[in-house]
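This briefing covers fold, charge pairs, surface charge and backbone geometry. Please read it alongside the coordinates.

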Amino acid sequence: MTDRDKPIYLDYSATTPVDPRVAEKMIPWLTEHFGNPASRSHAYGWEAEEAVENARAEVARLVNCDAKEIVWTSGATESNNLAIKGAAHFYAAKGKHVVTVKTEHKAVLDTVRELERVGFEATYLDPEPSGLVDPARFEAALRPDTVLASVMLVNNEIGVIQPVAQFGETCRRKGVLFHVDAAQATGKVPIDLASLKVDLMSFSAHKTYGPKGIGALYVRRKPRVRLEAQMHGGGHEKGMRSGTLATHQIVGMGEAFRLARLEMATENERIRMLRDRLLAGVQGMEEVYVNGDLDHRVPHNLNVSFNFVEGESLIMGMKELAVSSGSACTSASLEPSYVLRALGRNDELAHSSIRFTIGRWTTEADIDFAVRLIHERIGKLREMSPLWEMYKEGIDLNTVQWAAH
Amino acid sequence: MAYSEKVIDHYEHPRNVGSFAKDEDGVATGMVGAPACGDVMKLQIKVGAGGVIEDAKFKTYGCGSAIASSSLVTEWVKGKTLDEAAGIRNTQIAEELALPPVKIHCSILAEDAIKAAIADYRKKYGEGEDAAKKAAD
Ligand SMILES: Cc1ncc(COP(=O)(O)O)c(C=O)c1O
Ligand code: FES
């Protein structure tokens, strides 16, 4: 991970490496202990089942719920699908309206779109310019026929933390089921499902130093929440999600979440120090804007717009860094990030954004290198930018008649 | 996005970046694209005696392919007459830079920038040889 021939990895929100301690725990479950956890008739099955249940308990411990409330899935995408479609269909007799937010992950937005396709109605809330959803607006969106609301805990692009505790209270009071996508939250913010009024919560292992392809859905038992299965078959996971359990993946997720619980507090302190160092490094420059609220935010994320520089050329200019761009100018869709647009960012700023996400193996030297590189490359690109030139000449770009194509 | 070597070369060593002084004789400007689309190209040509493009400069806000396309056309238009320059096709640019299909519009933008600069020249200085002479005076 300190291999300098490769770019410095600052894209931990896309995925994380598997912690070597996790990988080590997983391997025996591929080779020696390969049994099917559903095999009830021999020791191969029993030991696999025990490993699965230990991992389930570890996942439950990180978020303070009962292990019986954890259902294994293939990742947060599947968890979101199961939660949203499963609950909406099961409770459809009560109403056919769902509420979500424009800045949700596609795994939520596209699932809600699918519900619309089959006859549900949906409200997509606008966040405030900070990225946070106003609780009064949220409450106002809930109707007598609303069955489900879905709001993510930590946003994947801008890292802001939504006030889900408050939304949960509102939903409970109004008799609306509440789903939270917590894929980007585990190991970054404390989650206490004993006190949160959340009915369904999605998790993913690979954002928290576990393997890809495994996740979980929390399904509350008191008061009991029921779902219509989306995957039919052998009736695994109490009928909610059929399919042979991937023991090694599950063991990996359990160990990753156990480490997250033990190390979260100290790790977050270190990461906050690195983020502050990065922030200080870029704030000295002209026309740099932080996207999303800085206070209600995980320390792992810094999303900034470098005005008058286009995101893709910026990424190309910073090929020594592995980062994400909010711009998706790939001609098929000349679309800047829908998340930044939802915050009300103008097109130039939305096109000029870079997401830096910091993680377990980021060092101070990495950050210092990144800051030096950013200064050099932004300077070069701005020298090349007609927009920067116009800005420097005092021209208001909003008054220019562009020849749109 | 994997870029071709030629795109990377133009991106890392862009040719003819910059602007001419506003009042410089024989200079015309083409500005195409829009910030909302994620790309703006400014191409300037300096036309000398005989209607020949003597020099060209560009500034581009856009992806690497857009930067490379505009850098390339500044090289290509030099030494050409306005009519010859107007004949440069985006397909030639795309082929030279080995642009993938999703990047074709970057080369179209470069072609548009040449056309816009030529149109600006004709608007400023009138048509043809006389205009060129006038500009050279
Ligand atoms: C907020 C959020 N939800 C869901 C997902 C999808 O998770 P997975 O890759 O486990 O399906 C991601 C990951 O990109 C995410 O960031
Ligand atoms: S300028 Fe939009 S992809 Fe090249």
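Helices and strands are DSSP runs numbered from the N terminus, helices (H or I) having at least four residues and strands (E) at least two. On that basis, P223(A) lies in the loop between β8 (215–219) and α7 (247–283) of chain A. The model is predicted.

**Chain B: fold and dimensions**

- Chain B has six helices and three strands.
- Read from the N terminus, its elements follow the order α-β-β-β-α-α-α-α-α.
- The C-alpha trace of chain B spans about 50 × 25 × 20 Å along its principal axes.
- A compact globule of 137 residues would have a radius of gyration near 14 Å, and chain B agrees, at 14 Å.
- Of the 137 residues in chain B, 53% are buried.

**Salt bridge between the chains**

- Over all chains, the count comes to 40 salt bridges.
- One of them pairs E389(A) with K42(B), with the closest N and O atoms 2.5 Å apart.
- E389(A) sits in helix α12 (residues 386–392) of chain A and K42(B) in strand β2 (residues 39–47) of chain B, so this pair joins two chains.
- Buried means under 20% relative accessible area.
- E389(A) has 14% relative accessibility, so E389(A) counts as buried.
- K42(B) is buried too, because its relative accessible area is 8%.

**Salt bridges within chain B**

- E24(B) and K46(B) form a salt bridge, and their closest N and O atoms are 3.6 Å apart.
- This pair links distant parts of the chain, 22 residues apart: E24(B) is in the loop between α1 (5–12) and β1 (27–34), and K46(B) is in strand β2.
- E24(B) counts as partly exposed, at 28% relative accessibility.
- K46(B) is buried, with a relative accessible area of 19%.
- R89(B) and E111(B) also meet through their side chains in a salt bridge, at 3.6 Å from N to O.
- Here too the pair links distant parts of the chain, 22 residues apart: R89(B) is in the loop between α3 (82–86) and α4 (90–97), and E111(B) is in helix α5 (residues 104–125).
- R89(B) counts as partly exposed, at 37% relative accessibility.
- E111(B) counts as buried, at 11%.

**Charge on chain A**

- A network of salt bridges links D19(A), R21(A), E263(A), E267(A) and R360(A).
- A positive surface patch is made up of K68(A), R221(A), K222(A), R224(A), R226(A) and K238(A).
- K68(A) is in the loop between α2 (43–63) and β2 (70–73) of chain A.
- K68(A) counts as partly exposed, at 46% relative accessibility.

**Backbone geometry**

- Which residues does a cis peptide bond join? K222(A) and P223(A) share this bond, with omega at about -5°.
- K222(A) is also one of the residues of the positive surface patch.
- Y209(A) has a positive phi, near 70°, although this residue is not glycine.
- Y209(A) is placed in the loop between β7 (200–204) and β8 of chain A.
- Is Y209(A) buried or exposed? Y209(A) counts as buried, because its relative accessibility is 5%.
- In chain B, A98(B) is a residue other than glycine with a positive phi, near 55°.
- A98(B) is found in the loop between α4 and α5 of chain B.

Note on methods: Residues numbered from 1 in each chain as written. Chains lettered and ligands numbered in written order. Predicted model: local features only at pLDDT ≥ 70, side-chain atom pairs only at ≥ 80, totals over all residues. Heavy atoms only, no water. Patch = residues over 30% accessible without salt bridge, like charges linked within 9 Å, V, L, I, M, F, W, Y side chains within 5 Å. Areas by Shrake-Rupley, 256 points an atom, 1.4 Å probe, with all protein chains shown as cover. Salt bridge = Lys/Arg side-chain N within 4 Å of Asp/Glu carboxyl O. Lys, Arg positive; Asp, Glu negative; His and termini not counted. Charge placed at Lys NZ, Arg CZ, Asp CG, Glu CD. Buried < 20%, exposed > 50% of the residue type's maximum accessible area, 1.4 Å probe, protein only. Rg over C-alpha atoms; globule rule 2.2 N^0.38 Å.
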